[in-house]
Amino acid sequence: MAKRDPEPELVEEEAIDLPPSPVGERLRAAREAKGLSLDDLAAQTRIPLRHLANIETGDWENLPAPTYTIGFAKSYASAVDLDRTEIGNDLREEMGGQRFAAASSDVFEPADPARTMPKGLVIGAIAAVVLLIALMSWLNQRSLEGTDEPVAAAETNTPAATAAAPAQAPAPATAQGPVILTATAPVWFQVSERGGATLFSGLLQPGQTYTVPATAAAPVLKTGKPEALRINVGTNVAGPVGPAATTVSNVSLLAADLLKTPASAQTNPPPTTLAPPQQPARPRARDRSAPAAAAPQPVPEAAPPPAPATTTNNAQ
């Protein structure tokens, strides 16, 4: 057998002492009829160029195992419009079912090594995937740890912690409900629209009330005894509208204006009961028929004790 050149491009140019292969000849003729070179066929089928050349020449010793060789031949047949099943059966008979001991270089190569991905790039891609998985696991762990902080903060906001906090001022009262004027003593007052018609003018006795119409746009109050009126906005009590025994006028009776005073924080106060004025005590008339009380007699002073008696002995 003549020495073979390792370069597949020179296979067709050298004389090879190999028996002609009927299958290989058919494949070569079909390829040449289509005007394709071995390079074109290798690029189309992704079969190494040397395997295509060995199939055409029938060099079975330099081909991989029969199963792979028949598969290559079928792909070759499909590329040149031959019946791949027929080519596979004919090649199997031609090879006689022999299993050739493949050399170390006879391995299955589905594609040209020049077209495969470099080994370094594959290792780099695997390392990048592992790094990405580790990063995602770390971020997931951080997110789980972060969710514990709000929970811990919420647990500290217990009733005991709330009780320990300083008491806050009550929220301001909302301007809701009708405006009601209640007399705590006889009082005259007038309610009118600011610069407009009079809505009420008269005297109320203690316990009587007057409700400002909800349709009033800008009701104002005039009275000479503001201390005798208690003004409610719904369940809230408004503060005093003026000093006692002073005539006030143009006092806004809008709910929002009345609730600006500090007294508006009180709700549902007990009714005010005015005590009757205290009368000065009159002296009781003396009963002329009763004997006059005896005047107190002075207490006599105690008399001094008597002097001791002196005994005189007369000599006889």
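In what order do the four strands of the open sheet lie, and is their pairing parallel or antiparallel? The legends below take up this sheet and other close-up views of the predicted model.

**View 1. The open sheet of four strands has the order β3-β2-β5-β8, with antiparallel pairing.** Strands are DSSP runs of E with at least two residues, and helices are runs of H or I with at least four residues, both numbered from the N terminus; two strands pair if DSSP finds at least two bridges between them. The edge strands, each of which pairs on one side only, are β3 (198-204) and β8 (248-252). From one strand to the next the twist averages 20°. Within this sheet, β2 (residues 187-193) pairs with β5 (residues 219-223) over five bridges in the antiparallel sense, and Val-191 stands opposite Leu-221 in β5.

**View 2. Strand β1 (residues 179-183) is largely enclosed by the rest of the structure, because four of its five residues are buried.** Buried here means under 20% relative accessible area, with a 1.4 Å probe and protein chains only. Strand β1 is joined by five bridges to β6 (residues 229-233), the two running antiparallel, and by three bridges to β4 (residues 209-211), again in an antiparallel arrangement. Ile-180 has Asn-232 as its bridge partner in β6 and Thr-211 as its bridge partner in β4.

**View 3. Helix α2 (residues 38-45) packs with helix α3 (residues 49-57) at an angle of about 120°, their axes lying 9 Å apart.** The axes are lines fitted to C-alpha atoms over the stretch in contact, and angles run from 0 to 180 degrees between N-to-C directions. The contact, defined by heavy atoms within 4.5 Å, is made by Leu-38, Asp-39, Leu-41, Ala-42 and Thr-45 of α2 and by Leu-49, Leu-52, Ala-53 and Glu-56 of α3. These residues divide into six nonpolar, one polar and two charged, where Ala, Val, Leu, Ile, Met, Phe, Trp, Tyr, Cys and Pro count as nonpolar, Asp, Glu, Lys and Arg as charged, and the others, Gly among them, as polar.

**View 4. The protein as a whole has eight helices and eight strands.** Buried residues make up 27% of its 316 residues. Of the contacts between residues at least 6 apart in sequence, 64% join residues at least 24 apart.

**Notes.** Residues are numbered from 1 along each chain as its sequence is written, and side-chain values use heavy atoms, with hydrogens and water left out. In this predicted model, local features need pLDDT of at least 70 and side-chain atom pairs count only at pLDDT 80 or more, whereas totals for chains, interfaces and linings use all residues.

Conventions. Buried < 20%, exposed > 50% of the residue type's maximum accessible area, 1.4 Å probe, protein only.
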